[in-house]
Amino acid sequence: MRKNLPVTDLETPFPTQRILVSKTDLKGRITYANDSFVLLSGFTREELIGQPHNVIRHPDMPAEAFSDMWRTLKGGYPWRGLVKNRRKDGGFYWVDAFVVPIRKGGECTGYMSVRTEASRSAIAAAAELYRAVSAGGAKLPATGGRGLSLQTRFGLLFAGLAGLQLLGFTAHLLGTHPALSGFAFLAGLAGCVWGALAFHGRVVSPLKRVITCFGRIAEGDLASTMDIQGRDEIGQVLTELASMQIQLRVVIDEIRLAEAEVSRQGREVATQMQQIANQAQIQQDHVFGVTSAMEEVSTSIGEVAHNAEEASQSANATHAVLDESSAQLARTTASTSKLVETVGATGNAMDALGACVQQIGSITDTIRGIADQTALLALNAAIESARAGEQGRGFAVVADEVRKLAERTASSTVEIAKQIGLIHETTTQASASMNKANQEVQTNREMLENTNQHFTAVIRGTDAITATAQQIALATHEQSTASFDVAHNMERISQQIDENRRSVDSALAASHKLFETAQELHAIVEHFNAGR
């Protein structure tokens with residue numbers, strides 16, 4: 001026998017209003033375990049399914065109890081008894097176990113164990129008995145018995161009565177043993193009385209118990225105890241009725257659990273449907289707000305598109321003006337370049353003029369020197385003519401004229417030198433002014449070139465602005481179309497939300513109907529007393 005260790009003295013109470021259900025195959029391997037059994041055993045469902053049912057056997061249970069159970073089940077009869085089971089944590093719990101064969105097509109395919117709560121007095125008596133059995137001081141009472149069937153018993157009775165009647169009739173006909181005939185009559189009468197009493201005790205009373213059991217089941221009482229010890233026909237009816245009752249009890253319990261779950265889910269669905277309905281109403285309000293906002297956005301986008309188109313036209317006009325200004329600036333730049341060249345040439349000419357003036361000054365100096373020498377020669381000639389007397393008078397006249405010419409030449413040379421000085425000064429100032437003008441013109445030329453570059457950049461920027469304005473106009477037109485589509489779609493979404501809200505209302509009504517159905521199912525299940 002399997003011995004599951006360790007064990008503790010910690011008892012787990014049986015859950016109220018619950019039954020434990022498990023199913024096994026013919027070899028005792030668990031194939032089904034309901035939630036209550038899984039919870040009370042401490043094992044997981046995965047740890048139970050596929051394992052032998054003795055995985056929960058407690059060492060305090062005597063092997064004779066399970067031997068009796070398997071002998072009874074293999075004989076095709078249900079078995080009932082108090083069982084102490086071991087939890088996974090080593091603790092224990094007591095159950096009132098009712099085990100029945102599972103049949104399909106007339107063949108046994110497995111076994112089902114239905115455990116309910118046992119009374120404390122029954123637990124105390126069972127614990128004492130099991131300790132005595134384990135110690136060898138007592139034996140477990142066997143379930144059921146062999147006995148004779150009703151057919152055999154009443155067949156023997158009727159055969160005996162027939163034999164007595166035949167014996168008495170024979171003795172009466174022969175007339176040789178009148179006492180034997182009387183004895184046969186009295187024995188037959190006694191047999192009839194005994195048969196009537198036996199019929200009442202073996203048939204009528206058990207049938208009344210069967211009728212009572214059927215009546216209790218019809219009233220919904222599935223927790224009543226039936227005698228499953230009999231092995232005659234009435235006993236078999238009672239055992240089959242007990243098996244049917246326990247299976248009905250399992251079905252009712254599962255229906256009760258399903259009803260409770262349906263009721264709980266129905267309430268949750270109703271709550272969720274109500275929340276969805278509220279959210280749908282809020283969504284519809286939001287959609288209305290979004291639709292209004294999209295209409296305003298569509299109008300604003302239309303205005304932006306119109307302004308972008310005007311901006312594009314203005315940019316095109318500005319571009320044309322800038323093109324003309326750029327061309328004018330190019331012409332001005334070309335004229336300035338020519339002016340720079342002209343001023344440069346003039347400056348060069350002024351420089352050449354200054355050089356010529358300097359050369360003239362040098363020549364004037366030469367002429368002045370010549371005039372001075374001529375005056376000196378005229379003076380010498382006058383002196384010499386005076387020494388010569390009358391012969392030199394003519395020469396003196398010439399010398400005097402030469403002196404006058406020299407004086408006039410010197411005076412003219414001084415005047416020329418003065419004018420040349422003025423010309424040179426003026427030329428120098430003019431050359432400086434021309435150089436300054438050249439620098440200014442060069443600076444203006446550079447500024448014009450920079451301005452031209454700026455104009456070129458502005459033109460490129462204007463081109464970009466024009467392209468951007470056109471793109472904005474195109475994009476805003478597309479956005480206007482898209483916003484219109486969005487507004488239209490939002491209207492359709494609003495209609496769909498309204499349809500969804502109606503569907504949610506229908507689902508909410510259906511959930512209320514489901515809850516009402518669960519309540520009706522609960523009322524039907526409440527008709528049965530499954531020993532909750």
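This is a predicted model: local features need pLDDT of at least 70, side-chain atom pairs count only at pLDDT 80 or more; totals for chains, interfaces and linings use all residues.
Residues are numbered from 1 along each chain as its sequence is written, and side-chain values use heavy atoms, with hydrogens and water left out.

Student: How many bridges join β4 to β5?

Tutor: Strands are DSSP runs of E with at least two residues, numbered from the N terminus, and two strands pair if DSSP finds at least two bridges between them. β4 and β5 run antiparallel, and Ile102 stands opposite Gly110 in β5. The number of bridges joining β4 to β5 is nine.

Student: Which residue takes a positive phi in the hairpin of β3 and β4?

Tutor: β3 and β4 run antiparallel and are joined by eight bridges. Their hairpin has five residues between the strands. The residue with a positive phi, near 100°, is Gly90.

Student: Why is β4 largely enclosed by the rest of the structure?

Tutor: Buried means under 20% relative accessible area, with a 1.4 Å probe and protein chains only. β4 is largely enclosed because, of its 13 residues, the number buried is ten.

Student: How many residues of the lining of the largest pocket are nonpolar?

Tutor: Nonpolar residues are Ala, Val, Leu, Ile, Met, Phe, Trp, Tyr, Cys and Pro; Asp, Glu, Lys and Arg count as charged, and the others, Gly among them, as polar. In this lining, seven residues are polar and three charged. The nonpolar residues number 13.

Notes
Buried means under 20% relative accessible area, exposed over 50%, partly exposed in between (1.4 Å probe, protein chains only). Helices (H or I, at least four residues) and strands (E, at least two) are DSSP runs, numbered from the N terminus.
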